[in-house]
Amino acid sequence: MILREQPSQFISADEKTKEWYKQNIEFITSHYNKRNDRLNKQRKSEDINNPIDEMVRMFTYYLGKQYNKDYYYTTQDQNNCELPTVWVNGQKITSLIDYMVGNAIKMIENIEPTVRNNSKGASNKRTELIEKLLLKFEVPEFFETMSQVGIEFNPAGPQNFEIKEDVYRFMEYDYKERAEVLAQKIVEDILLRNRFQEKYKQAFLYTLLGGYVGIENTIENGKQKFDIVLPYNLIIDRGKDDDFLTESRFVGRVDWMTTGEIIEKFQDQLTDEEISEIKKINTNNLYQLLDLTTHPYSFTWAFTNNSVPILAVVTGYWIGMKDLRYEETKDKYGNKHYARMRKNRKGYHWTQTIYQGTLIGNKYVVNNGEQSNQVRNMDNMSDVQLPIQVFIPNMVMGENRSVVQRLHQHQDRIDFITNEITKMMTRAKGKVYLINRQKLGTSTPQDVISDFERMGMHITDGSATGEDYVPGSESRLVETVDMTLDPNVQQLISLRREEERIMEEIVNIPKVALGQQQGYVGAKTQAGTIAQSNLGTSYLYQGFIRFIEKQLSYALNQYKVALMDEPEDELPLVGTRGKEYLKLIDGFQFEEIGVYLKVRDFIDDSARERMILNAQAAMQNGMIDMIDYLRIEQSKSYTELINELEYSINKRKRDQEKQQALMQMQQQAMMEQQMAQQQQLEQMKQEGQNYRNEVDNTTKAAITDAKTSGLEMPQQ
């Protein structure tokens with residue numbers, strides 16, 4: 001099928017008939033299995049395989065079922081007869097791809113989605129809350145006075161902040177708005193409900209094999225659902241180089257179904273006449289009923305498989321224009337107003353929208369119309385986003401190469417070298433002994449062989465019946481022919497190892513990372529080698545994480561739009577703590593809420609074992625307590641562990657400072673108490689001395705008075 005022109009989008013809604021939808025889907029379908037013109041101008045088109053054929057061939061390499069295309073001539077003799085050597089397909093590509101998928105699985109299992117409100121109002125509210133919380137540390141006397149009269153100021157709820165660091169930590173990790181909490185639960189529900197680990201792993205595998213992949217987002221039975229689209233079923237817009245096809249004008253997918261499957265899936269959209277006609281389709285009238293006989297179509301709209309008719313079902317989404325049917329008017333005072341237009345008048349205000357449709361066998365159009373639950377760009381609400389998110393890494397000039405495309409030629413060379421080694425091995429017979437029957441005399445070859453087996457030798461007189469035989473008279477009885485393995489096979493083995501090394505360098509996976517190194521390698525050297533090798537493929541892993549972010553953001557906003565039409569206020573969600581019912585809040589909108597993914601730097605088993613040993617030693621030396629030890633055992637990532645231990649250390653430090661301050665206060669109190677006691681003793685001594693002095697003075701005064709009165713003092 002040649003490339004078609006897209007029908008005009010600036011037409012009224014009445015003019016957008018089923019025929020118009022069919023022409024748009026045919027325009028999208030014409031881009032299936034087509035390369036971008038920018039590349040065809042540089043090379044001859046006959047030198048380039050069709051993209052889909054090439055992609056399917058790459059899939060066979062992963063399955064180990066690749067066909068020998070480039071070295072088939074080496075398996076035949078001069079008469080085009082097959083050589084007896086069996087061609088064995090190598091599976092080096094399979095091991096490399098499985099290793100990369102294994103890394104991706106670890107990454108997918110450790111993704112941590114977060115939702116953040118990026119609106120201006122939310123940012124102002126967050127800043128205002130921080131300022132209120134920090135106000136307590138700037139004027140603590142004021143709040144202490146308020147607390148004494150029974151007035152409390154807790155803008156963040158029942159939170160106790162001892163230092164400013166606690167405030168920033170709370171705002172960074174713990175503070176969530178109600179809309180963010182609800183959005184977080186919805187994202188977790190979407191991931192769990194769609195078995196995200198299985199689907200994202202499949203998407204990454206398809207990216208390695210086919211070079212790109214798509215995820216289709218739909219709303220089914222009130223729930224958000226996303227499915228992986230095989231790369232050879234995708235139709236994409238290659239007009240601009242963009243790994244995520246952000247400015248794509250259209251996207252589509254192709255499925256091949258039997259007539260029974262078509263009726264079962266589209267029975268509600270097909271008319272009774274169309275269903276009756278589809279039921280009549282068979283191998284004899286297939287092309288006549290679908291009107292495929294008069295037009296040359298390179299795209300396969302229908303074929304038969306084991307006498308079963310198969311029809312192509314193409315679903316297309318494209319960005320079109322919609323007339324808003326509003327016009328600008330002015331009243332008698334010159335004020336501008338916008339009002340609905342009357343019929344039969346051309347509009348002036350257009351907006352982007354997404355149209356969709358499904359074309360069956362290039363004849364039946366179903367599911368046509370505007371797409372429901374459309375998602376618009378947060379930065380520009382006039383832009384719409386297509387429901388099939390596409391990831392095509394390293395797109396250049398409308399083309400890209402998958403990992404297998406970069407490896408398959410080296411795999412073919414490895415298979416060729418392996419086949420040549422096999423040929424040498426089959427030809428190797430060791431040292432072969434030839435017996436000259438002209439020298440046997442009256443003995444038979446069986447007699448000689450028996451003598452060799454019993455005694456290791458045989459004696460003959462050399463007389464033979466054919467003594468006139470001249471050419472053999474000078475030959476020996478036993479000749480030796482060296483048919484051992486060709487020593488040049490070592491060169492072939494070295495070449496095969498070199499090809500394997502090149503393949504590992506292409507995907508930046510050394511033998512050290514695969515655990516296939518020869519000899520001992522130190523732990524630090526191994527870790528450094530793996531870290532350096534990961535840099536070469538980091539663009540692929542990081543791009544895939546960014547792709548998941550975009551897809552999750554679309555899924556969240558699509559689900560939000562669907563929820564706005566639901567009359568129910570409570571949403572049943574499957575969260576991390578079981579089934580929950582979340583109540584919708586007023587003004588629940590996500591236009592400016594983004595979904596972000598963070599891959600936790602997970603702790604592997606070997607690292608966990610080393611950390612536990614070190615933690616036990618630290619606990620025995622009193623550096624950490626039992627709670628810190630349990631945190632180390634339970635932590636899944638280094639970031640989580642560092643945050644917990646850092647907070648615990650700072651808290652312990654503050655507790656120690658408090659304890660030291662308390663001890664100082666106690667020591668000061670003890671010193672003051674001792675000084676008071678000493679002063680009290682001194683006072684008591686002084687009072688005793690004063691009392692004794694007073695008694696002495698009283699006694700002396702009494703004696704003096706007695707002497708004066710002439711009285712005699714009693715004898716002691």
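1. Let's start with a hole. The second largest cavity has a volume of about 40 Å³. A cavity here is a set of points, on a 1 Å grid over the protein atoms alone, where a 1.4 Å probe fits but cannot get out. Grid points are joined across faces, edges and corners, and the volume is the space filled by probe spheres set on the points. Rolling a probe the size of a water molecule over the atoms shows where empty space is left. The structure holds two cavities of 30 Å³ or more.

2. Before going on, a word on what you're looking at. This is a predicted model, where local features need pLDDT of at least 70 and side-chain atom pairs count only at pLDDT 80 or more, while totals for chains, interfaces and linings use all residues. Residues are numbered from 1 along each chain as its sequence is written, and side-chain values use heavy atoms, with hydrogens and water left out.

3. Which residues line the second largest cavity? They are Met100, Val403, Arg406, Ile506, Val507, Thr537, Tyr539 and Leu540, where lining means having an atom within 4 Å of a point. Helices α13 (403-427) and α18 each supply at least two residues of that lining. Helices (H or I, at least four residues) and strands (E, at least two) are DSSP runs, numbered from the N terminus.

4. Methionine 100 sits in helix α4 (residues 92-109) and is buried, with a relative accessible area of 1%. Buried means under 20% relative accessible area, exposed over 50%, and partly exposed in between (1.4 Å probe, protein chains only). Methionine 100 and threonine 537 are 437 residues apart along the chain, yet their C-alpha atoms are separated by 9.2 Å.

5. Now the whole chain. It comes to 21 helices and 19 strands, and buried residues make up 38% of its 716 residues. Among contacts (heavy atoms within 4.5 Å) with a separation of 6 or more, 72% are between residues 24 or more positions apart.

6. On to the nonpolar core, meaning a set of buried Ala, Val, Leu, Ile, Met, Phe, Trp, Tyr and Cys residues joined through side-chain atoms within 4.5 Å. The largest one has 106 residues, and Ile97, Tyr200, Ile262, Phe544 and Leu552 touch the most other members. Helix α18 (residues 538-564) gives the largest share of this core, eleven residues. Apart from it lies another core of nine residues, including Leu134, Val167, Phe170 and Tyr175.

7. What does phenylalanine 544 touch, not counting residues up to four places away in sequence? Its partners are Met107, Ile108, Tyr200, Ala203, Phe204 and Phe391. Tyr200, Ala203 and Phe204 are among the buried residues of α9. Eleven of the 15 residues of α9 are buried, so this helix is largely enclosed by the rest of the structure.

8. You can check the length of α9 (residues 196-210) yourself. At 1.5 Å a residue, its 15 residues should span 21 Å, and its end C-alpha atoms are 20 Å apart, which agrees. The expected span is 1.5 Å times one less than the number of residues. After α9 comes glycine 211, whose phi is positive, near 100 degrees.

9. Is helix α1 mostly covered or mostly uncovered? Mostly covered: nine of its twelve residues are buried, including Trp20, Tyr21 and Phe27. The buried residues of α1 pack against β4 (234-236), β5 (250-258), β7 (308-323), β10 (350-360) and β11 (364-370).

10. Next, salt bridges: a side-chain nitrogen of Lys or Arg within 4 Å of a carboxyl oxygen of Asp or Glu. By this rule there are 19. Glutamate 26 pairs with arginine 4, the closest N and O atoms being 3.4 Å apart. Glutamate 26 lies in helix α1 and arginine 4 in the segment before α1, so the pair ties together parts that are 22 residues apart in sequence. Glutamate 26 is buried, at 7% relative accessible area, whereas arginine 4 is partly exposed, at 34%.

11. Another pair sits within one helix. Aspartate 189 and arginine 193 form a salt bridge, with the closest N and O atoms 3.0 Å apart. They are four residues apart in helix α8 (residues 178-193), so about one helical turn separates them. Aspartate 189 is buried, at 2%, and arginine 193 is partly exposed, at 38%.

How values were computed:
On a 1 Å grid over the protein atoms alone, a cavity is a set of points where a 1.4 Å probe fits but cannot get out, and a pocket is an open set with protein on both sides within 12 Å along at least five of seven lines; lining residues have an atom within 4 Å of a point.
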